[in-house]
Amino acid sequence: MKQVDKSAYSFRLYAHKGRWASYYHQLDEVLAFDPRSVLDVGVGDKVFASYIKNNTDIAYTSIDIADDLKPDIVGSVESLPFPDGSFDIVCAFEVLEHLPFEKLPKALAEIARVAKNGAVITLPHFGPAFRFMLKLPFIPELKCAFKIPFPRQHAWKGQHYWEIGKKGYSPATIRKAIKQHFIIRREFVPFENQYHHFFTLEPMTEGWKPADRRDPRGLVRKAVFGSVRLLFPRDHSGGIILMYHSIGYNGAPFTVKPDEFERQMRFLKEEGFRFLKFSELVERLDRGRSLDHTVCVTFDDGYEDNYTNAFPILQRYGIPRSYFISTDSMGKTREISGGFKFNMMDERMIADLLKTGLVECLPHGHMHLSLGKIDLEEARRDIEASQGSLAAITGKKSEYFAYPYGNHSPELLELMTALGFKAAVGVEEGVVTARSDRLFLPRMEVSARTSFSKFVCKTTRARAYLRLKRLLKRWL
Ligand SMILES: [Zn+2]
């Protein structure tokens with residue numbers, strides 16, 4: 001049913017200052033996904049549409065129930081005329097409140113069905129807002145805003161059937177409805193427009209269940225990490241590359257137990273990280289895009305337990321990841337210091353991983369040598385051998401590499417450039433930024449020694465954590 005007349009989209013009245021702030025955040029949230037295609041449910045005044053069409057190469061499609069607004073397709077969000085996963089991102093800005101609340105689950109289900117990578121939804125949020133901002137020279141800007149709960153009965157005025165914050169439509173109620181179909185990656189009310197509530201959503205992967213908030217241990221955990229958070233302000237800047245080796249119960253110093261690994265993956269999901277394969281991370285760097293809120297999960301060497309233990313967990317959470325394979329040991333056993341023996345993945349297992357589409361396998365040297373210490377010609381042969389044997393499985397020559405033991409030398413880095421490598425990782429701890437050396441990118445090691453609180457510090461308070469660690473090292 002058509003509700004909004006074309007004449008309603010007037011400057012000042014509809015496109016008021018606050019709404020322009022919302023346009024900024026709409027674009028900011030959508031562009032952060034780096035999508036190739038976008039479906040816009042409800043055309044509005046087409047400000048968002050015109051920016052996307054004129055300034056990006058994203059394929060834009062709009063759908064609206066009102067034909068006089070000239071959407072690309074006339075239709076309803078209750079039954080979107082598109083096959084599953086048709087668009088990278090689906091947006092619905094100030095649209096869903098135009099449907100009776102009972103229809104919200106169906107609309108969300110439809111959006112989730114056609115959205116491949118995520119959705120950005122905004123909804124009106126009623127209630128008086130408290131806003132405070134102070135900027136004095138030489139001190140950081142102070143900015144805070146919160147809405148005062150004021151659950152008034154909603155009155156139908158011909159457009160909105162409901163609004164967040166009205167009686168019976170608390171933020172918790174809306175969140176619960178959304179969580180039936182999506183993982184909420186980010187949620188906020190823009191400082192400049194206290195009437196719009198943003199939800200940035202990720203599709204739910206099979207088997208994903210939000211953590212049970214009533215779990216008493218969860219409360220303790222929350223209290224503990226709440227205090228960690230106070231000590232280290234939230235920091236998601238820069239990209240995090242995690243380095244794993246074995247996932248199992250073998251007791252080796254670098255091994256992470258599967259339940260601990262699952263907890264870490266769940267945390268990253270809930271924290272709202274965007275998972276990237278290593279090549280995708282480098283591509284983003286090359287294009288000058290921000291790496292904030294991104295994480296890349298990498299596994300070194302190619303242990304068989306990556307296939308038997310980690311694989312089901314990663315598939316359940318739908319996590320893209322990169323494996324650095326030491327090619328000579330494929331299908332063999334590898335012994336590390338301390339007498340720990342490991343079975344290594346064979347070519348069939350690697351091919352299985354690749355079939356998921358979430359995986360890339362990259363070279364990590366053929367014989368797992370300290371490449372910075374050996375003869376340069378020998379290093380070249382070893383690097384090319386691992387590149388070659390992997391290409392035989394993956395069908396393409398990799399331009400990415402991980403140095404065994406993180407060992408490297410200035411000459412080796414030169415050789416890497418000469419061999420056409422785009423990027424490589426070591427084992428130095430740090431956060432990846434635009435300034436990082438592509439041929440020696442830092443990683444965060446996760447091992448048996450990494451407690452969960454340390455993991456949280458490494459991934460979300462990385463900067464503060466590293467700073468503290470550096471300081472402590474100086475003192476101790
Ligand atoms: Zn290694």
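Select Phe275 and Val295: Phe275 stands opposite Val295 in strand E12. The strands here are runs of at least two residues that DSSP assigns E, and helices are DSSP runs of H or I of at least four residues, both numbered from the N terminus. Strand E11 (residues 274–275) and E12 run parallel and are joined by two bridges. Two strands count as paired if DSSP finds at least two bridges between them. To get from E11 to E12, the chain passes through helix H7 (residues 278–286), and this β-α-β crossover is right-handed. Right-handed means that, with the strands pointing away from the viewer, the path from the first strand over the helix to the second runs clockwise.

This is a predicted model, in which local features need a pLDDT of at least 70 and side-chain atom pairs count only at pLDDT 80 or more, while totals for chains, interfaces and linings use all residues. Residues are numbered from 1 along each chain as its sequence is written.

**Around strand E12**

Now select residues 294–301, which form E12. Is this strand largely enclosed by the rest of the structure, or exposed? Eight of its eight residues are buried, so E12 is largely enclosed. A residue is buried if 20 or more other C-beta atoms lie within 10 Å of its own, exposed if 12 or fewer do, and partly exposed in between, with C-beta atoms placed from the backbone.

Thr298 stands opposite Ser322 in E13. Show residues 304–317 as well: this is helix H8, which makes a right-handed β-α-β unit with E12 and E13.

**The seven-stranded sheet**

Move to the other sheet on this tour. In what order do its seven strands lie? The order is E3-E2-E1-E4-E5-E9-E8, in an open sheet with mixed pairing. Its edge strands are E3 (73–74) and E8 (182–188), each of which pairs on one side only.

Start from the E3 end. E2 and E3 pair in the parallel sense over two bridges, and Ile63 stands opposite Ile73 in E3. Then select residues 59–64, strand E2, which pairs with E1 in the parallel sense over five bridges. Ser37 has Ala59 in E2 as its bridge partner. From E1 the chain crosses through H2 to E2, and this β-α-β crossover is right-handed.

Select residues 87–93 and 115–124 next. These are E4 and E5, paired in the parallel sense over six bridges. Ile89 stands opposite Gly118 in E5.

Finish this sheet with residues 171–179, helix H4, which lies across E5, E8 and strand E9 (196–203) and runs at about 145° to E8. The angle is taken between N-to-C directions on a scale from 0 to 180 degrees, with axes as lines fitted to C-alpha atoms, for helices over the stretch in contact. Contact means that the C-beta atoms of two residues, placed from the backbone, lie within 7 Å.

Select Arg12, in the segment before helix H1 (17–32). Arg12 is not a glycine, yet its phi is positive, about 75°. Arg12 is exposed, with 8 other C-beta atoms within 10 Å.

Asp34 sits in the loop between H1 and strand E1 (37–41). Its phi is also positive, near 55°. Asp34 counts as partly exposed, with 17 C-beta neighbours inside 10 Å.

Lys46 lies in the loop between E1 and helix H2 (47–55). With 16 other C-beta atoms within 10 Å, Lys46 is partly exposed. Select Asp68 too: 22 residues separate the pair along the chain, and their C-alpha atoms are 13 Å apart.

**The whole protein**

Zoom out. The protein has 13 helices and 19 strands. An automatic or database assignment gives the domain bounds: domain 1 covers 6–203 and domain 2 covers 216–475. Their centres, taken over C-alpha atoms, are 36 Å apart. Along its principal axes the C-alpha trace spans about 75 × 50 × 45 Å. Of the 476 residues, 37% are buried.
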